[in-house]
Amino acid sequence: MKTVRDYQPAEQTRKSYVKAFYITIIGNLLLVAVKAVVASLTGSAALYAETANSASDVVYSLLMVFGLWISQKPPDHSHPQGHSRFEPLVGLLVTFSMAFAGYQAASTSILKLLAGGIAVKPGLPTLVLAMTAITKGVMYYAILQLSQKTQSPALHATAQDNLTDVMTSSAAFLGILGSYYVSPLLDPIAGLLVSAWIFKAVIGLILENIKYITGGSADKDVVEQILHITNSVPGVLRVHELVTEYVGPRLVVEMHVNVRGDLPLTEAHRINDEIVNRVLHNVQDVDRVYVHLEPENES
């Protein structure tokens with residue numbers, strides 16, 4: 001008797017994960033090195049906040065590759081349905097890393113603000129921040145494409161982190177200009193804005209990944225799509241029960257479908273298979289579909 005699901009993770013997905021890792025680790029290592037040098041030379045709180053953010057990005061890049069490697073392992077006797085539930089755990093690790101960076105940015109900025117701020121001369125710091133915004137913009141677009149292709153919550157979290165970095169780099173850029181031309185207090189204020197952007201992204205990503213881990217349901221429009229597809233299958237009279245649940249980043253669908261009570265077994269089996277195949281091929285995120293056929297006269 002088979003006790004392990006007959007399933008192998010797609011090779012193309014694995015290649016997408018490897019590509020995402022190289023993009024993330026190389027880009028973040030480059031940025032943290034440049035930012036650290038310039039922050040130490042200028043004393044900018046906003047730039048220090050950006051350095052802490054990039055350093056946390058390097059850490060989560062390493063965590064990401066380990067977690068995604070586990071998620072791509074085929075089913076075994078310890079995890080007979082596969083290891084995809086590890087993906088949202090990776091997504092949470094990304095958010096924890098982001099939260100630590102937000103804390104570091106906020107604490108440094110508050111100390112600088114209480115000390116009266118510092119006027120940072122534009123030039124090298126603003127050049128670094130402009131380079132960061134451009135680099136992170138490219139990384140955001142590249143990782144977003146890979147996350148959409150693989151439907152990976154971990155890569156989605158990484159893409160959103162890159163987008164947040166674009167925004168925070170822009171805030172830090174304006175803070176440095178303001179500290180020199182308007183008031184020294186604008187630099188630590190920009191640092192606080194950086195931390196606020198980080199915490200905002202963290203909250204959204206935590207809620208999303210908790211939904212995957214705790215078995216949240218599909219959105220209403222997805223449920224309506226599944227109902228429409230099922231009711232369009234010849235032989236289906238009605239759907240009287242439909243339950244969706246996220247198991248990791250993928251949906252499991254369970255439904256009770258009414259059919260004529262005098263159908264031959266072969267015809268009932270055909271209806272069952274057609275429902276499963278149509279839902280699997282037409283509804284995004286669906287991993288498994290369980291259909292229970294019931295005769296109409298017993299409902």
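Q: How does Glu267 count by its relative accessibility: buried, exposed or partly exposed?
A: Glu267 has a relative accessibility of 27%, so Glu267 counts as partly exposed. This is a predicted model, in which local features need pLDDT of at least 70 and side-chain atom pairs count only at pLDDT 80 or more, while totals for chains, interfaces and linings use all residues. Residues are numbered from 1 along each chain as its sequence is written, and side-chain values use heavy atoms, with hydrogens and water left out.

Q: With which residue does Glu267 form a salt bridge?
A: A salt bridge is a side-chain nitrogen of Lys or Arg within 4 Å of a carboxyl oxygen of Asp or Glu. The partner of Glu267 is Arg270, and their closest N and O atoms are 2.8 Å apart. Arg270 is partly exposed, at 30% relative accessibility.

Q: Why are Glu267 and Arg270 separated by about one helical turn?
A: Helices are DSSP runs (H or I, at least four residues), as are strands (E, at least two), and they are numbered from the N terminus. Glu267 and Arg270 are about one helical turn apart because they stand three residues apart in helix α8, residues 265-282.

Q: Which residue forms a salt bridge with Glu274?
A: Arg278 does, with the closest N and O atoms 2.5 Å apart. Both residues belong to helix α8, where four residues, about one turn, separate them. Arg278 is partly exposed, with 28% relative accessibility. Salt bridges with shared partners link Glu267, Arg270, Glu274 and Arg278 into one network.

Q: Are Asp287 and Arg288 buried or exposed?
A: Both are buried. Asp287 and Arg288 also form a salt bridge, their closest N and O atoms being 3.2 Å apart. Over the whole structure, the search finds seven salt bridges.

Q: Which residues make the nonpolar surface patch?
A: Patches are made of residues with over 30% relative accessible area and no salt bridge; like charges are joined within 9 Å, and nonpolar side chains (Val, Leu, Ile, Met, Phe, Trp, Tyr) within 5 Å. Accessible areas come from the Shrake-Rupley method with a 1.4 Å probe, and for residues only the protein chains shown count as cover. Here the patch covers about 850 Å², and its residues include Met167, Tyr181, Leu186 and Trp197.

Q: Which helices each supply at least two residues of the patch?
A: They are α5 (153-181) and α6 (186-213). Helix α6 gives the largest share, four residues. Tyr181 is placed in helix α5, and Tyr181 is exposed, at 61% relative accessible area.

Methods. Buried < 20%, exposed > 50% of the residue type's maximum accessible area, 1.4 Å probe, protein only.
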